[in-house]
Amino acid sequence: MMDPDGDIARKLRAVYREVESQEIPQQFLDLLEKLDAAEKSQKGGGNG
Amino acid sequence: MNHLDDDRSGFKRELLAALPGLRAFALSLIGDPHNADDLVQETIMKAWANQQSFDMGTNMKAWLFTILRNDFYSRMRKRGREVQDPDGTYTERLAVHPEQYGSLDLQDFRNALKQLPDDQREAIILVGASGFSYEEAAEICDCAIGTIKSRVSRARTNLQALLQIEHEGEYGPDAHSIAQVTGTIVK
């Protein structure tokens, strides 16, 4: 007999993993680069 | 590279690594991928602005989830209504472009998840899908561990009932008696 908890746990992870395995949207990568660059320039640019 | 740069690049690296899970959690709260990504965007900005208050080496994932969750609920309070797919546009779009939103064979399960009360869906996702312990989930949701456990337990009960109704007969004779309880979600 199928274990309902096991089945649910499996499907839950499958649904979640579908989104997790998508590529990170470029907007987030761009945002992080922008934030990083802004901070670097505020602090005087470091070593170059 | 000086010490400060090391910290910042480590922070950025960990933030990046946490993004897939963060997106999945946002989507489970909001339902609409576009708004979910907006929420993630705000979370990234808030996290970056509050870098100094984060202790590198502690649980960044839990910290980020807490920021995102708090932001989501404060948005909801401002609007005074449910944010989760209020116009049914997500469900509608899903019918037309299912491949954008995920595989069809999990559709029954996704529908059942959406029918759960928010606190139960959130709890079972944090514990069952995002990989947090009960203790971590309780911190993120700012409640007692017992509360999380009870929400997860009720979520499981409700999901079982919802899925058995949809697959009537597949689970044997008991499926019919459960189907008689149609619409009764354990709150």
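Is B:D32 buried or exposed? In this predicted model, B:D32 turns out to be buried, with a relative accessible area of 10% (buried means under 20% relative accessible area, exposed over 50%, and partly exposed in between, with a 1.4 Å probe and protein chains only). Its place is the loop between helix 1 (3-30) and helix 2 (33-49) of chain B; helices here are DSSP runs of H or I with at least four residues, numbered from the N terminus. The side chain of B:D32 also makes a polar contact of 3.0 Å with that of B:N35. A polar contact is a pair of N or O atoms within 3.5 Å; within protein, one must be able to donate a hydrogen and the other to accept it, and residues adjacent in sequence count only if both atoms are side-chain atoms.

Another loop residue, B:D142, sits between helix 8 (134-141) and helix 9 of chain B. B:D142 is exposed, at a relative accessible area of 70%, and has a positive phi of about 55° even though it is not a glycine.

Now for the place where the two chains meet. Chain B puts 39 residues into the contact and chain A puts in 30, contact meaning heavy atoms within 4.5 Å. About 3300 Å² is buried between them, and carbon and sulfur atoms give 66% of that; buried area is the accessible area (1.4 Å probe) that two parts lose on being put together, summed over both. Three salt bridges cross this interface, a salt bridge being a side-chain nitrogen of Lys or Arg within 4 Å of a carboxyl oxygen of Asp or Glu. One of them pairs A:E33 with B:K12 (3.0 Å, N to O). Helix 1 of chain B gives the largest share of the side of chain B that touches chain A, with twelve residues.

(A nonpolar core is a set of buried Ala, Val, Leu, Ile, Met, Phe, Trp, Tyr and Cys residues joined through side-chain atoms within 4.5 Å.) Leaving aside neighbours within four places in sequence, B:I124 is in contact with residues including A:L12, B:L113 and B:V152.

A note on conventions: residues are numbered from 1 along each chain as its sequence is written, and chains are lettered from A in the order in which they are written. Local features need pLDDT of at least 70, side-chain atom pairs count only at pLDDT 80 or more, totals for chains, interfaces and linings use all residues, and side-chain values use heavy atoms, with hydrogens and water left out.

Key
Helix = DSSP H or I, 4+ residues; strand = E, 2+ residues; numbered from the N terminus.
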